[in-house]
Amino acid sequence: MKILGLLRHAKSDWDDMAKRDFDRGLNDRGRKGADTIGAHIKNHGVDWDVLLASPAQRVKRTIERSLPKLEPVFDDRLYLASSETILETVEEHAGSHDKVLISGHNPGLQEVLFDLVSPARENDLFREAAVKFPTATYAVLECAIDDWSELKKHCATLVHFARPRDLDPELGPEY
């Protein structure tokens with residue numbers, strides 16, 4: 001059994017439209033969301049072996065606030081990566097680790113859920129994640145594999161799903 005975690009970056013800052021997408025940091029709501037989900041991850045109980053991350057500024061700032069004790073392995077391919085690229089990156093970097101956390105972007109992270117969870121293993125958590133995988137969302141999948149090279153379609157079950165708004169109502173959707 002392998003454990004795969006997904007952490008989407010927190011809400012990004014759009015105040016300076018002259019910045020490239022890659023260079024945008026977090027806005028105030030994003031900083032609060034990263035702090036909130038970070039406290040949740042710490043208390044959730046998974047001791048991550050390795051953190052693979054997009055090098056985009058909003059991902060770096062999210063990690064600094066939510067997972068300050070983990071030293072990320074940044075991989076340029078994870079910037080706006082597809083599910084296929086994310087899974088290839090996991091296979092390449094995970095080695096013999098049992099618990100791998102990915103921090104990056106949508107739609108790729110949500111696509112990983114769609115690819116790895118079989119229809120037979122869809123549960124209430126999956127149905128919630130399928131509707132929307134918002135910023136600073138944290139998900140944990142149990143993968144019925146012995147080696148990361150076996151990471152493929154329909155090998156996982158979503159066992160945990162948390163959004164900042166689930167933990168702090170002030171971080172709920174803005175209308």
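Trainee: Where does threonine 89 sit?

Mentor: Threonine 89 lies in helix α3. Bear in mind that this is a predicted model.

Trainee: Buried or exposed, that threonine 89?

Mentor: Buried, with a relative accessible area of 0%.

Trainee: What does threonine 89 touch, apart from residues up to four places away in sequence?

Mentor: Leu52, Asp75, Arg77 and Leu78.

Trainee: Which other residues of α3 are buried?

Mentor: Along with Thr89, the buried residues of α3 are Ser83, Ile86, Leu87, Val90 and Ala94. They cover an arc of only 155° around the axis, so they lie on the same side of α3. Glu84 and Glu92, on the other side of α3, are exposed.

Trainee: And what covers the buried residues of α3?

Mentor: The cover includes strands β1, β2 and β4, and helix α4.

Trainee: What span should α3 have, going by its residue count?

Mentor: Twelve residues at 1.5 Å a residue should span 16 Å, and the end C-alpha atoms of α3 are 16 Å apart, which agrees.

Trainee: What follows α3?

Mentor: Glycine 95, with a positive phi near 55°.

Trainee: Moving to the sheet. What is the strand order?

Mentor: The order is β3-β2-β4-β1-β5-β6, in an open sheet of six strands with mixed pairing.

Trainee: How many bridges join β1 to β5?

Mentor: Six, and the two strands run antiparallel. One of the residue pairs there is lysine 2 with cysteine 143 of β5.

Trainee: And β5 to β6, how many bridges?

Mentor: Six bridges join β5 to β6 as well, and this pair is antiparallel. Cysteine 143 has alanine 156 as its bridge partner in β6, while valine 140 stands opposite histidine 160 of that strand.

Trainee: Why is β5 described as largely enclosed by the rest of the structure?

Mentor: Because five of the six residues of β5 are buried.

Trainee: Let's do the nonpolar core. Which residues touch the most other members of the largest one?

Mentor: Leu4 and Leu6, in a core of 30 residues. The elements that each supply at least two residues of this core include β1 (2–8), β2 (50–53), α3 (83–94), β4 (99–104) and β5 (138–143). Helices α4 (108–116) and α5 (124–131) are also among them, as is β6 (156–162).

Trainee: What is leucine 4 in contact with, leaving aside neighbours within four places in sequence?

Mentor: Its contacts include Trp48, Val90, Val100, Ile102, Val112 and Leu116. From β5 the strand residues Ala139, Val140, Leu141 and Cys143 are among the contacts of leucine 4, and so is Trp148.

Trainee: What about a second core, how many residues?

Mentor: The second core is separate and has 20 residues, including Ile3, Leu7, Leu26 and Tyr138.

Methods. Residues numbered from 1 in each chain as written. Predicted model: local features only at pLDDT ≥ 70, side-chain atom pairs only at ≥ 80, totals over all residues. Heavy atoms only, no water. Core = buried A, V, L, I, M, F, W, Y, C linked by side-chain atoms within 4.5 Å. Buried < 20%, exposed > 50% of the residue type's maximum accessible area, 1.4 Å probe, protein only. Helix = DSSP H or I, 4+ residues; strand = E, 2+ residues; numbered from the N terminus. Contact = heavy atoms within 4.5 Å. Pairing = 2+ DSSP bridges. Expected span 1.5 Å × (residues − 1). Arc of directions from axis to C-beta.
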